[in-house]
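Please keep the sequence and the model in view while reading.

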Amino acid sequence: ASFDTDEYMIPMGNYTSLRDVLRDAQLKKANILSFRSSRARLRYDKSFEQPGGYRAMLRNYTYMEAYSCDSSPIPKPEWAERARKQIYRADYVPYHYVHYS
């Protein structure tokens with residue numbers, strides 16, 4: 001099995017849940033929220049070296065603890081646009097292409 005850590009959005013700043021983010025977006029009449037995405041990286045202090053120079057996650061950490069899901073500084077680089085994540089109101093964009101569902 002695999003776990004794609006950049007597919008999970010974690011609220012930051014004044015938000016404590018994704019529901020709060022979505023309620024705020026609704027109040028602001030936003031129909032599409034777009035986020036540039038960059039690859040998550042395994043943190044050195046939460047991993048160990050394996051033969052061949054590869055690193056593996058220590059078992060006593062969760063994926064969210066072991067991976068730095070925001071390894072690129074803000075603003076995100078232009079190349080992060082290709083992996084953009086979106087949250088959208090389905091009634092606003094009924095024919096919007098969805099990569100994963």
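Aspartate 45 counts as partly exposed, with a relative accessibility of 44%; on this scale, buried means under 20% relative accessible area, exposed over 50% and partly exposed in between, for a 1.4 Å probe and with protein chains only. The model is a predicted one, in which local features need pLDDT of at least 70 and side-chain atom pairs count only at pLDDT 80 or more, whereas totals for chains, interfaces and linings use all residues. Residues are numbered from 1 along each chain as its sequence is written, and side-chain values use heavy atoms, with hydrogens and water left out.

**Salt bridges**

The structure holds four salt bridges, a salt bridge being a side-chain nitrogen of Lys or Arg within 4 Å of a carboxyl oxygen of Asp or Glu. Aspartate 45 takes part in a network of salt bridges that links Arg43, Asp45 and Lys46. Elsewhere, lysine 28, which pairs with aspartate 24, is exposed at 61% relative accessibility. The table lists salt bridges with their N to O distances.

| Lysine 28 | Aspartate 24 | 3.2 Å |

Aspartate 91 lies in the segment after strand 6 (85–88), where strands (E, at least two residues) and helices (H or I, at least four) are DSSP runs numbered from the N terminus. Although aspartate 91 and asparagine 31 are 60 residues apart along the chain, their C-alpha atoms are separated by 9.1 Å.

Serine 47 belongs to strand 3 (residues 47–49) and is buried, with a relative accessibility of 8%. A polar atom of the serine 47 side chain lies 3.0 Å from the backbone oxygen of arginine 43, and a polar atom of that side chain lies 3.2 Å from the backbone oxygen of tyrosine 44. Once neighbours within four places in sequence are set aside, serine 47 is in contact (heavy atoms within 4.5 Å) with Leu42, Arg55, Ala56, Met57 and Leu58.

Lysine 29, by contrast, is exposed, with a relative accessible area of 71%, and is found in the loop between helix 1 (18–27) and strand 1 (32–35). Phi of lysine 29 is near 60 degrees, a positive value in a residue other than glycine.

**The chain as a whole**

Two helices and six strands make up the secondary structure elements of the protein chain, and along the sequence they follow the pattern α-β-β-β-β-α-β-β. Of its 101 residues, 18% count as buried. Among the contacts with a separation of 6 or more, 63% are accounted for by residues 24 or more positions apart.

Notes
A polar contact is a pair of N or O atoms within 3.5 Å; within protein, one must be able to donate a hydrogen and the other to accept it, and residues adjacent in sequence count only if both atoms are side-chain atoms.
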